[in-house]
Amino acid sequence: MGCKQRIKFNHRVSQSYMFSLKILQNLKVSRAANNHNVLNPNNKCRLSLCVLLCFIFIYNLSVLSCERPEYSRINVALGTVCTVTLFDQGKNSIYNDIFNRIREIENLMSVRIPTSDISRINAFAGIEPVQVHEETFKVIKRAVYYAELCSGAFNPAIGPLVSLWGFNNENPRIPSQKEIDEVLPLINWRNIELDPETNSVFLTQYNMALDLGAIAKGYAVDEATRIAKKAGITRAIIDLGGDIMVLGEKKDKTLWNVGLQNPDEEQGFTIGYLQIPESSVVTSGVYERFFIEEGKRYHHIFQPSDGYPVNNGLLSVTIIANNSMDADALSTAAFVLGYEKGRALIESMPSVKAVFIFQDRTIRTTPGVNLVITDKSFKEIYLSRVTMTE
Ligand code: FAD
Ligand code: MG
């Protein structure tokens, strides 16, 4: 057939054309002869082969055209377990896009990846400014905003202290007072110079180091949520190492129940759950990363003013907010600030709520929190709205 059409449009006839015409005629003759003999084994197997090929083709077409819903996907990224649940709207391609985005953020903002923007900034500390990716600049700028807002309790220049205590190199240890005193001058966040014109970041002191461990995971949750929404997802749970976003409404229109980790128990044991509409829930606490020495727990959230893990009576602070980047930064900030200053900071932000869990197993919440306590060894203390006293 192809040959013939080409002839219609192309006038130059050749010997080869005559030859092929001959073949065709022969084929026609033989086919005519064969057609009459359906029982001819060649025909039968040719027929079944055709049928089989058609079947395989149609089957593949149907499989390719409708991706099987994938309810949930778990992966390790950002050094933690990431679980994305898109329910019956889950598709392989969307999960791939979400996890690729998380990996991109990891490659830009991880202190453990030598080629990341953060590692490059740290490598040129005290030497020269480093131009970084727009979004790394955006997250650093937001981190500096929170450092300013809470006078350095939240501190993105905390890197040298995190390394000294070994929380970002798998070698946790208690440093000497002398070592801590040598590092404290290096964690001054005011020595972070930002140039929005060029998206450049300069750490003015030698051996300074940024660490976005308290804010970048939240940013990754927001980005995963943005991609899910862009793909038309209307209901999802995005959980990156405990930084959570619940998207849309549950099928039965009831509120989402998000469990609150019991800080004194293994992962997964809860003290109760929050009942919330679409929002982000992020917790900072002593149980996320810690080591025990001589019976004492040393965790990964530091008091920048003295260089030691925070010890202010709190076990964890949970923030409920519209976006995860802010919730992540605020959970660490409120934890470091302590209950009074932390509560005042959160109450100064209308759309943000908080749950404070104390070492004495009491719980205090800001107005509007819907908390159901299931572990009766914990007790909620209510603040009187009139006297603002307990
Ligand atoms: P948060 O309470 O939100 O923050 C605590 C973290 O912030 C600390 O771990 C420290 O990094 C930093 N910090 C401590 N004190 C302060 C302070 N006063 N102000 C500001 N920041 C402070 N972990 C791994 O084991 N392997 C990895 O490969 C790895 N890669 C990562 C890549 C990225 C981009 C990020 C963001 C984190 C990565 N982590 C990795 C760390 C891991 O995900 C941590 O568990 C996480 O960062 C701590 O989360 P959190 O919510 O418990 O802590
Ligand atoms: Mg945080």
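Which backbone places a polar atom 2.9 Å from a nitrogen atom of ligand 1? The backbone of Phe 302 does. That is a polar contact, a pair of N or O atoms within 3.5 Å.

Before we go on, a word on the model: it is predicted, so local features need pLDDT of at least 70 and side-chain atom pairs count only at pLDDT 80 or more, while totals for chains, interfaces and linings use all residues. Residues are numbered from 1 along each chain as its sequence is written, chains are lettered from A and ligands numbered from 1 in the order in which they are written, and side-chain values use heavy atoms, with hydrogens and water left out.

**Around ligand 1**

| Residue and atom | Ligand 1 atom | Distance |
|---|---|---|
| Gly 213, backbone N or O | oxygen | 3.0 Å |
| Phe 302, polar backbone atom | nitrogen | 2.9 Å |
| Thr 332, side-chain N or O | oxygen | 3.1 Å |

Taken alone, ligand 1 exposes 950 Å², and the protein buries 92% of that (areas by the Shrake-Rupley method with a 1.4 Å probe). Helix 9 and helix 10 each give two or more residues to the shell around ligand 1, and helix 10 has the largest share, three residues. Helices here are DSSP runs of H or I with at least four residues, and strands are runs of E with at least two. The shell has 28 residues, of which Leu 78, Asn 155, Ser 284, His 300 and Asp 328 come nearest; a residue is near if one of its heavy atoms lies within 4 Å.

Ala 214 lies in the loop between strand 5 (200-203) and helix 9 (216-230) and Asp 328 in helix 10 (residues 324-337), so the pair ties together parts that are 114 residues apart in sequence. Both Ala 214 and Asp 328 are buried, meaning under 20% relative accessible area, where exposed is over 50% and partly exposed in between (1.4 Å probe, protein chains only).

**Two other residues**

Asn 262 sits in the loop between strand 8 (256-261) and strand 9 (270-276). Asn 262 is buried, at 1% relative accessible area. By contrast, Ala 344 in helix 11 (residues 339-347) is partly exposed at 47%.

Definitions and conventions. Polar contact = N/O pair within 3.5 Å; in protein donor to acceptor, adjacent residues only side chain to side chain.
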